Amino acid sequence: MAEDKSISKTFPVKPKLKPTLNKSTPTPESKYWKSFKSPKENPSQTLISSITSLSFSPTHPHKFAATHSATVSIFSGDTLLPESTLSGFRDTATSASFRSDGKLIAAGSLSGVCQVFDVKTRGSLRKLRGHSRPVHVVKYPRVDKLHLFSGGDDSVVKYWDVASESVVGNFVGHKDYVRAGEFSSVSDDVFVTGSYDHSVKVWDVRVGNRGCVVEFNHGKPVEDVVYLPSGGLVATAGGNCVKIWDVIGGGKLVYSMESHNKTVTSICVGKMGRENGEEGQEYRILSVGLDGYMKVFDYAKLKVTHSMRYPAALMSVAFSPDCSTRVIGASNGVLYAGKRKVKKEIGDEMGQVEGVEVHRKRELRPARVRYFSRGKTAKPTEGDYLVMAPKRVKLMEHDKLLKKFRHKEALVSALSGNNPGNVVAVMEELVARRKLLKCVSNLEREELGLLLKFLQRNSTVPRYAGLLMGLSKKVVEMRAEDLRASDELKGHIRNLKRSVEEEIRCQQSMLEIQGIISPLLRMAGR
């Protein structure tokens, strides 16, 4: 009975040396961004070529436009399916932008012409000619319906009167391609542009052609730039980083996020919504790059809160104003559109109309017979007291033998199987009972052969090496006479020695490689 104090109380036995994976529980932020699902009947849209830009309509139901090849495709905000196509471009279309009322859409092209279309009739209403090189930026203001600005590879930014198709202002100052731009979120007279000359300029149309009021250097060719909702901060993308600047403070750098491995191609601002569909007040910066990653950046806490990988290089990203839809365009023409399911009120689900009573399902109460005859498949409701049936644990043969204190037989039973984890678990249990070495000394010759085979195969496995290497040494010392007397056991020992020597050579080679790489990494970090 004295032996009972050292007996493990938990069966079945499990290996303790197996490393546990660091599977952190998903955060609410991660759950939110993963809740954007593509329709089952249409998981993704494949367009003709690379999707150069994406833009949402400011008005409900928030249609979105994708520019690709010489076409602008408009998709439904509800079904995420294509509704119409705007054509008439002589070259690749770029940078679609909806007007504030959602009725008109403007887009540039590599031919240098900006066109304004009627979304409903799909007719071209205006053609703005003035750029001598391809146009990559066309943006409508937040409220103003009469003006827009465009920027092109001729390094010129033009401010247009759309009705008269005339240029109101030419803003000169960039020395390379103008590839990004955005109107201010608080004023229709202020906008920002980014260029491949690494500069970002904030313009004010009220100042005239010399309207650059703030200028700062991103340090890399600027691929995209957006105003943050406060109106005092600007986010720029270029190279493998996204930077946030304080415009009111004169272009002071606030933070630089460098989590992408390749060039960041597009960024946008997303507002997190609540479960009931209401708009929240927590804003995030969404960025995509050529590395195929989409990153979500909380610029209030200055950290990346979510990351997703896609199977292709990503070129554009957009987020709907009502927080319900996220779309991402890839270089291979695939459009990844996801919509978040929003929990609706009971009245909305049943089509409640004012003055009409909604018929709800009668609740089950303990005073009714149906409450006690629901069946085992009934799901519990809030307030129910759950009595969980204990799960029946199925014990393997070695667990049953350990419960009967038949230690040697338990070890042999585990060795006869093909699961090294079970063998190590039994060995650890025997170590806790101080019976492992006694079992080894009592093994028959065939059983000893099983043990040596197991040691030869698993002694160099990192998760088991701490226990098995020491046990191998003890086995050789304790059973030396038996090993000398059997040629078969000598063969097992030779195989074990060969495996250990090979592992030592591998470790030495890795140490040599580490010695070569470490100085290079230190030099690169300076």
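How are H5 and H8 oriented relative to each other? I shall answer that in a moment, after one caution: the structure before you is a predicted model.

Let us begin with the helices. Helix H5 spans residues 407-416, and its axis lies 10 Å from that of H8, at an angle of about 55°. Angles of 65 to 115 degrees would count as roughly perpendicular and those under 35 degrees as roughly parallel; H5 and H8 are therefore oblique to each other. Their crossing is left-handed. On the H5 side, the contact is made by Lys 408, Val 412, Leu 415 and Ser 416, and on the H8 side by Glu 447, Leu 450, Leu 451 and Phe 454. Sorted by class, these comprise five nonpolar residues, one polar residue and two charged residues.

H8 also packs with another helix. H8 covers residues 445-458 and helix H9 covers residues 462-478; their axes come within 10 Å and cross at roughly 140°. That angle makes H8 oblique to H9. Here too the crossing is left-handed. From H8, the residues in contact are Leu 448, Leu 451, Leu 452, Phe 454, Leu 455 and Asn 458. They meet Tyr 464, Leu 468, Leu 471, Ser 472 and Val 475 of H9. By class, this contact has nine nonpolar and two polar residues, with no charged residue. Please note Leu 451 and Phe 454 of H8, which take part in the contact with H5 and also in the contact with H9.

I turn now to the sheets. In what order do the strands of the open sheet containing S7 run? The order is S7-S8-S9-S10, four strands with antiparallel pairing. Strand S7, residues 93-98, and strand S10, residues 124-129, are the edge strands, each pairing on one side only. On average, neighbouring strands in this sheet are turned by 20° against each other, direction ignored. S7 and strand S8, residues 104-109, run antiparallel and are joined by four bridges. Within that pairing, Ser 97 has Ala 106 of S8 as its bridge partner.

A further open sheet has four strands in the order S19-S20-S21-S22, again with antiparallel pairing. Its edges are strand S19 (222-227) and strand S22 (252-257); each has a single partner strand, so one side of each is left without a neighbour in the sheet. The twist from one strand to the next averages 20°. Five bridges join S19 to strand S20, residues 233-238, and these two strands run antiparallel. For Asp 224, the bridge partner in S20 is Ala 237.

Over residues 171-206 the chain is 56% strand and 0% helix, and the end C-alpha atoms are 12 Å apart.

Finally, two points of backbone geometry. Most residues other than glycine have a negative phi, and most peptide bonds are trans. Where is the cis peptide bond with omega of about 10°? It joins His 60 and Pro 61. Pro 61 lies in the loop between strand S3 (51-56) and strand S4 (64-68).

Conventions:
Residues numbered from 1 in each chain as written. Predicted model: local features only at pLDDT ≥ 70, side-chain atom pairs only at ≥ 80, totals over all residues. Heavy atoms only, no water. Axes fitted to C-alpha atoms, helices over the stretch in contact; angles between N-to-C directions. Parallel < 35°, antiparallel > 145°, perpendicular 65-115°, else oblique. Left-handed = near helix turned anticlockwise from the far one by under 90°. Contact = heavy atoms within 4.5 Å. Nonpolar A, V, L, I, M, F, W, Y, C, P; charged D, E, K, R; others polar. Pairing = 2+ DSSP bridges.
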